[in-house]
Amino acid sequence: MNSAPAPAKTDNINLLNFDRKGLESFFVEMGEKTFRATQVLKWIHQAGISEISLMSNLSKSLRQQLEETCSIVAPEIVHEQIATDGTRKWVLQMSCGNRVETIFIPERGRGTLCVSSQVGCSLACPFCSTAQQGFNRNLSVAEIIGQLYVAQKQLGDQAKVTNVVMMGMGEPLLNFNNVVAAMNLMMDDFAYGLSKRRVTLSTSGVVPAIYRLSEACDVSLAISLHAANDTLRDQLVPINKKYPLKELLEACLHYVESAPRRHITFEYVMLAGINDSDADARGLIKLLKNIPAKINLIPFNPFPGSEYQCSTASILERFKDIINRSGIVVTVRKTRGEDIDAACGQLVGKVADKSRRSQKIQKMREEYAAS
Ligand code: SAH
């Protein structure tokens with residue numbers, strides 16, 4: 001007997017969009033018990049199951065009911081690169097054709113996943129390749145947690161994601177609710193069970209959202225500082241014009257004090273001749289002397305069209321020594337995945353090649369060729 005094709009599911013609910021609280025409310029609304037939420041979370045996030053029919057501890061009728069209205073739709077990997085050092089970079093296709101990237105960095109005893117929060121970014125930091133693409137949209141919870149979901153699936157038994165850093169494309173605090181829900185899932189024992197020390201949110205300094213974060217979600221905080229005075233930071237991290245250093249550091253102090261968090265990490269990209277002098281190092285020490293701080297120096301990762309250069313190895317070492325002598329803990333981020341353009345935004349830029357800057361460069365080339 002030929003049955004008519006099933007009607008296309010409209011308004012399908014993507015179960016990847018729910019954190020535990022959301023899923024509990026969803027089941028309560030269905031007239032189910034809240035423990036269904038933990039059962040389903042475990043199937044999705046721990047077993048990596050995307051077919052509701054396989055969730056064998058749910059009654060058949062509940063499975064049927066869920067199948068009619070829900071699905072589990074994760075982003076799709078459209079491009080994978082594996083560097084010689086084991087770093088993996090995935091370009092993920094989101095709905096509406098948007099693409100973001102997720103990077104897995106294996107190290108001895110741990111595996112760090114660098115997760116994106118937005119398609120593009122609105123903040124226009126001139127040394128960042130994502131900024132050159134402009135802002136497109138916020139990612140949904142499913143698209144954020146989906147990066148961890150597909151990464152763990154893709155890695156299989158070969159490696160485990162033990163740490164997450166919200167340091168991919170976008171400004172996570174400008175997509176607050178979705179990022180918080182996704183981070184809740186990362187730390188939920190019924191989902192990924194990562195400890196709060198192993199989930200880090202990096203922000204350019206959206207001050208009001210730092211206060212909100214201290215109420216909403218207990219994760220490690222990293223601040224993209226990059227300059228120790230307002231004049232330079234206004235240029236390098238333009239959101240500084242709205243939330244200058246004094247306000248940013250007050251918010252950081254509040255964040256540290258509002259829970260027994262140990263320190264805040266301050267990221268500092270090393271740009272030759274821009275922010276890497278001895279005076280800059282001393283300014284940094286002075287600025288951070290009253291905050292439980294760690295400084296992470298990031299060698300600038302150049303990208304096509306970038307106008308900056310990375311500080312030389314000797315300047316970087318000298319800068320680090322000056323800070324070290326002050327007693328502030330300072331580390332230098334290891335450059336990983338160099339053979340696969342592992343700086344955030346670069347691979348998507350290459351694959352999609354839609355960046356305004358690259359279009360600009362192309363236009364200039366054409367004009368040059370025609371002249
Ligand atoms: N919007 C968030 C997450 C951005 S990416 C934030 O600003 O914190 C994480 C870090 O990489 C940030 O400190 C960012 O400033 C830095 N970064 C961006 N482009 C870089 C580049 N080309 N080289 C080195 N670090 C870069």
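## Ligand surroundings

The ligand is surrounded by 19 residues, and the closest of them are Gly-170, Ser-202, Ser-224, His-226 and Asn-301. The model is a predicted one. By class, the residues of this shell comprise nine nonpolar, eight polar and two charged. Three strands, β10 (199–203), β12 (264–270) and β13 (293–299), each contribute at least two residues to the shell.

## Polar contacts and burial

An N or O atom in the side chain of Ser-202 is 2.6 Å from an oxygen atom of the ligand, and a polar side-chain atom of His-226 lies 2.7 Å from an oxygen atom of the ligand. At Asn-301 the backbone is involved: one of its polar backbone atoms is 2.9 Å from a nitrogen atom of the ligand. The protein buries 93% of the 540 Å² that the ligand exposes when taken alone.

## The ten-stranded sheet

Ten strands form an open sheet with mixed pairing, in the order β3-β4-β5-β6-β9-β10-β11-β12-β13-β14. Its edges are β3 (76–82) and β14 (329–332), each of which pairs on one side only. On average, neighbouring strands of this sheet are turned by 20° against each other, direction ignored.

Within the sheet, β5 (residues 99–107) pairs with β6 (residues 110–114) in the antiparallel sense over five bridges. Phe-104 stands opposite Leu-113 in β6.

## Helices across the sheet

Helix α5 (residues 176–187) lies across β9 (163–166) and β10, and runs at about 160° to β10. Helix α8 (residues 245–257) lies across β11 (220–224) and β12, with an angle of about 145° to β12.

Notes:
Residues are numbered from 1 along each chain as its sequence is written. This is a predicted model: local features need pLDDT of at least 70, side-chain atom pairs count only at pLDDT 80 or more; totals for chains, interfaces and linings use all residues. Side-chain values use heavy atoms; hydrogens and water are left out. A residue is near a molecule or strand if one of its heavy atoms lies within 4 Å of it. A polar contact is a pair of N or O atoms within 3.5 Å; within protein, one must be able to donate a hydrogen and the other to accept it, and residues adjacent in sequence count only if both atoms are side-chain atoms. Accessible areas come from the Shrake-Rupley method with a 1.4 Å probe; for residues, only the protein chains shown count as cover. Helices (H or I, at least four residues) and strands (E, at least two) are DSSP runs, numbered from the N terminus. Ala, Val, Leu, Ile, Met, Phe, Trp, Tyr, Cys and Pro count as nonpolar, Asp, Glu, Lys and Arg as charged, and the others, Gly among them, as polar. Two strands pair if DSSP finds at least two bridges between them. Axes are lines fitted to C-alpha atoms, for helices over the stretch in contact, and angles run from 0 to 180 degrees between N-to-C directions. Contact means heavy atoms within 4.5 Å.
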